[in-house]
Amino acid sequence: MGRYDGRVALITGAARGIGFGIAERLAAEGASIAVLDLDETAAAEAASRLELQGDARAIGVGGNVAKAADVDAAVERVVAELGGLHVLVNNAGITRDNLLFKMTEEDWDLVMDVHLKGAFLMCKAAQKVFVEQKYGKILNLSSISALGNRGQANYSAAKMGIQAFTRTLALELGPFGVNVNAVGPGFTVTEMTDATAARLKLDVDEFRRLNAEHNPVRRVGYPEDIAAAAAFLCSDEASYITGQTLYVDGGGTLGSA
Ligand code: NAP
């Protein structure tokens, strides 16, 4: 018997990386999964790789979280095909890093659109289902970059915005049986951090080693680390926790050790 038996979870940006890690973990605990990603083929392929329990099912849904029509259609499709919706993980994300003087208006808008508008649109669509059934779990992906990170004025602002958004939705939706929390990953091995290494002209392994070296637990994070926290925060065991951001960063936000 899994913690997520009979539950349906929709995870955005889940064709790979942290989102896929969360999908794998929730599936292993019994959930049916909707993998939402920009590319429907990649989403369907990721869904087909999940190891499902009992009569749980998984589907891939194509869509852009920053487009209201895509989001509304995605939520409708998930409810129709998987029979409901209980957990929403707002994980889709992009980076467009640059120092302020080189950052373009497009870099700013794109990052705000995917992270903030995307989470807003997804929550707005899902809350209709959640409020009606008086049950729902929302998990938003923040980041340690919310505390400030050179070259990420757009991303840091969006990720701190996600924390304020999380607190506000927790206040609004708590009376309707909906918990809203966030996780703030530290350096996590995915294509996103590999792309950062490439941008900094560093070898991927060297970049990971450097990040591990200054972390209190002397290692980098993996999608499974974030997924373990997500699986707790979206479970009924965490029903008295709402509006919180849990940093999952090996203690990196405590300072370098
Ligand atoms: P990733 O490997 O780059 O995966 C992100 C996924 O999101 C990709 O499949 C991407 O699709 C999808 N996506 C991007 N824009 C989208 C949109 N508008 N609509 C739907 N899907 C979209 O990234 P990750 O490292 O797993 O990051 C996942 C989340 O964790 C992000 O919110 C990120 O900011 C956050 N985070 C990551 C780290 C880290 O160290 N990795 C640390 C802190 C926070 P395409 O491939 O088609 O672009």
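## Domains

The protein chain divides into domain 1 (8–186 + 223–248) and domain 2 (188–220); these bounds come from an automatic or database domain assignment. The model is predicted: local features need pLDDT of at least 70, side-chain atom pairs count only at pLDDT 80 or more, and totals for chains, interfaces and linings use all residues. Residues are numbered from 1 along each chain as its sequence is written, and side-chain values use heavy atoms, with hydrogens and water left out.

Taken over C-alpha atoms, the centres of domain 1 and domain 2 are 23 Å apart. Domain 1 puts 13 residues into the contact and domain 2 puts in eight. Contact here means heavy atoms within 4.5 Å.

About 750 Å² is buried between domain 1 and domain 2. Carbon and sulfur atoms give 50% of that area. Buried area is the accessible area (1.4 Å probe) that two parts lose on being put together, summed over both. On the domain 1 side, R16, D97 and D225 supply 44% of the area buried against domain 2, more than any other three residues.

## Ligand shell

A side-chain N or O atom of N64 is 2.8 Å from a ligand nitrogen. A backbone N or O atom of N91 is 2.8 Å from a ligand oxygen. For K159, a side-chain N or O atom lies 3.0 Å from a ligand oxygen.

Alone, the ligand exposes 900 Å², and the protein buries 90% of that. Accessible areas come from the Shrake-Rupley method with a 1.4 Å probe.

Terms used. Polar contact = N/O pair within 3.5 Å; in protein donor to acceptor, adjacent residues only side chain to side chain.
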